[in-house]
Amino acid sequence: MFPDGVTPRPDAANNPQMESVLQENVARQSCAELNRWMERYQQADPDAPAALVGALSPALLRFFKVQVASREHADDLLQETWLRIHRVRHTYRPGEPVLPWIYAIARRVRVDGYRRTRRIMVHETAVEVLPERPAQPKSQTSVPAFETLVAGLPEAQREVLTMLKVGGLSLEEVARATSSTVGAVKQKAHRAYERLRKLLQIEAGEGGKERPSELR
């Protein structure tokens, strides 16, 4: 995530257990680096905002894209999130994981954005709550993109899965970001996996057993 990250040793490629440990170490170091950048942001370090935006914006944008109808709307929510983070940066507590704090803000921005959009839609015309999704070309050999896969999930499951698989948050961090419990997060993730598995089996038309590699 940042230039001075840990590089796994070559021999890890032949040892899945070692590779898993090394990836976990890299993830921990990356999170620690994000925490330090946030602390520097609070201290008015001019390099900190760009470092945080560059590191987190891709995942945050995907978080919004699976929740809203258009890329333009997702871009607007991302911009609003960084503006809000700037305004409330003093509320971050140094030493605590920054990802749950940031995703809690992003989640609040998304909810506020939905409510604004909903008020406008209700005012202008009566519309369906859930717009019809465009038909996706079927393929027996390729796995749909993450955004396509999760589009059919209930909002709560979609949100949890995106935080886990795109944002890289742990179960505990997702629970903190959503003001929930680890048990509730596990349950939503499990139900999401089960529903995705059934959707893929229907797509395959043969009771397929594969699971998308992005969701493992």
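I looked up glycine 167 and left aside its neighbours within four places in sequence; glycine 167 is in contact (heavy atoms within 4.5 Å) with Ala59, Leu99, Tyr103 and Thr162. Glycine 167 sits in the loop between α6 (155-165) and α7 (171-177). I took helices as DSSP runs (H or I, at least four residues), numbered from the N terminus. At 16% relative accessibility, glycine 167 counts as buried. My cut-offs are under 20% relative accessible area for buried, over 50% for exposed and partly exposed in between, with a 1.4 Å probe and protein chains only.

A note on the source: this is a predicted model, where local features need pLDDT of at least 70, side-chain atom pairs count only at pLDDT 80 or more, and totals for chains, interfaces and linings use all residues. Residues are numbered from 1 along each chain as its sequence is written, and side-chain values use heavy atoms, without hydrogens and water.

Next I turned to α3. Its buried residues are Ala74, Leu77, Leu78, Thr81, Trp82, Arg84 and Ile85.

Last, I searched for salt bridges (side-chain nitrogen of Lys or Arg within 4 Å of a carboxyl oxygen of Asp or Glu) and found twelve. One of them joins aspartate 112 to arginine 84, closest N and O atoms 3.1 Å apart. Aspartate 112 lies in helix α4 (residues 98-124) and arginine 84 in helix α3, 28 residues apart. Both are buried. Salt bridges that share partners join Glu80, Arg84, Arg87, Arg108 and Asp112 into one network.

Note on methods. Helices (H or I, at least four residues) and strands (E, at least two) are DSSP runs, numbered from the N terminus.
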